[in-house]
Amino acid sequence: MLVQLLALATIAVSCVSAQNSTNVTVSEVVQAFDSAKVVPDVLPSFNPTGLLSVVFLDNTTGTSVSVTPGLNLTREQNALLPLVFLTSNDTSLAQETFVLAMVDPDAPTPQNPSAAQIRHLLAPGLRTNGSLATGASLVNTTPAISNFLRPSPPAGSDPHRYTLLLFVQPANFTTVAPKFVNASTPINNFNISLFAQEVGLGSPVAGNFFLTGPDANSGASTNGTNSTNSTNSTSSTNSTGDTTGTASGSSAASVPTSPAPSADSPSSAMGRVELSAVGFTVAVVLLGVVSL
């Protein structure tokens, strides 16, 4: 128990040290999407009204990693389901329900994306918790359509652009979406823009992306599975690779409750992530040391 407590104390320190690590503007995110060709490879256009802050808990060190657009992450850094936040000047978004998607447009390789897009997450029923002006955490209220799938680019590939997009969920989404994507729908050859058009999602209100390449050891296994538990549900993290697999909707892809990112001004410095005691609690739950 003492060893566990010491480990948790280390995590708490690392969570607190993550504050002020991310400080970007909406225009900078748009520029990053354009520069990395996320537009037009994933979206025909991108005009967000807010910032999507993404924080991963490193699977091996227990330290938190705040994602700035285009950040290069290892597979261990993004093995677990991230914490996500929305910051926006649009106060009407506080009353909305959201859909969070994560796709890989570079499978199996950026030079030959014949299996793209891979659907790594499709989670409806997200609600804000906290102030949008300073950053509201996004918490799931319903099971995911596609559970979180750990990034696993194949050996020899260049880094892939893992793209997270947040959409306002229309009222009829739960009845319309299963006509296009369900638990038996293959996760490869997905098209988030086409899906958004088919179910009436409209344009994303916020987004982010990061890069991940294969493990340094090209012989690293890609057949293992990891599971992460949150306070509300369980989501599986399956590293079967980015080119094959089927979506699973049997459990919720929980977007855990967590502290909100702060901002000096929502219009000029949105997206700064601050992890405090609440973040520590989430980290504890994610590691499965303590169940609430």
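Predicted model: local features only at pLDDT ≥ 70, side-chain atom pairs only at ≥ 80, totals over all residues.

Trainee: How many salt bridges does the rule give?

Mentor: Side chains of opposite charge can pair when their charged atoms come close. A salt bridge requires a side-chain nitrogen of Lys or Arg within 4 Å of a carboxyl oxygen of Asp or Glu. The count by this rule is 4 salt bridges. One of them joins D41 to R161, with the closest N and O atoms 3.0 Å apart. D41 belongs to helix 3 (residues 38–41) and R161 to strand 8 (residues 160–168), so the pair ties together parts that are 120 residues apart in sequence. Helices (H or I, at least four residues) and strands (E, at least two) are DSSP runs, numbered from the N terminus.

Trainee: Is R161 buried or exposed?

Mentor: Buried means under 20% relative accessible area, exposed over 50%, and partly exposed in between, with a 1.4 Å probe and protein chains only. R161 is buried, at 11% relative accessibility, whereas D41 is partly exposed at 41%.

Trainee: Which residues are linked with R161 in a network of salt bridges?

Mentor: The network consists of D41, D106 and R161. The side chains of D106 and R161 meet at 2.8 Å, N to O, and D106 is buried, with a relative accessible area of 3%.

Trainee: How many aromatic pairs does the structure hold?

Mentor: Rings of Phe, Tyr and Trp (its six-membered ring) pair if their centres lie within 6.5 Å; planes under 30 degrees apart count as stacked, over 60 as edge-to-face and the rest as tilted. The structure holds 6 aromatic pairs. Among them, F33 and F46 have ring centres 4.2 Å apart and planes at 15 degrees, so this pair is stacked. Both F33 and F46 are buried. Ring pairs also link F33, F46 and F209 into a cluster.

Trainee: Where does the charged end of R119 sit?

Mentor: A charge sits over a ring if NZ of Lys or CZ of Arg is within 6 Å of the ring centre and within 35 degrees of the ring normal. The charged end of R119 sits over the ring of F190, 4.9 Å from its centre.

Definitions and conventions:
Residues numbered from 1 in each chain as written. Heavy atoms only, no water.
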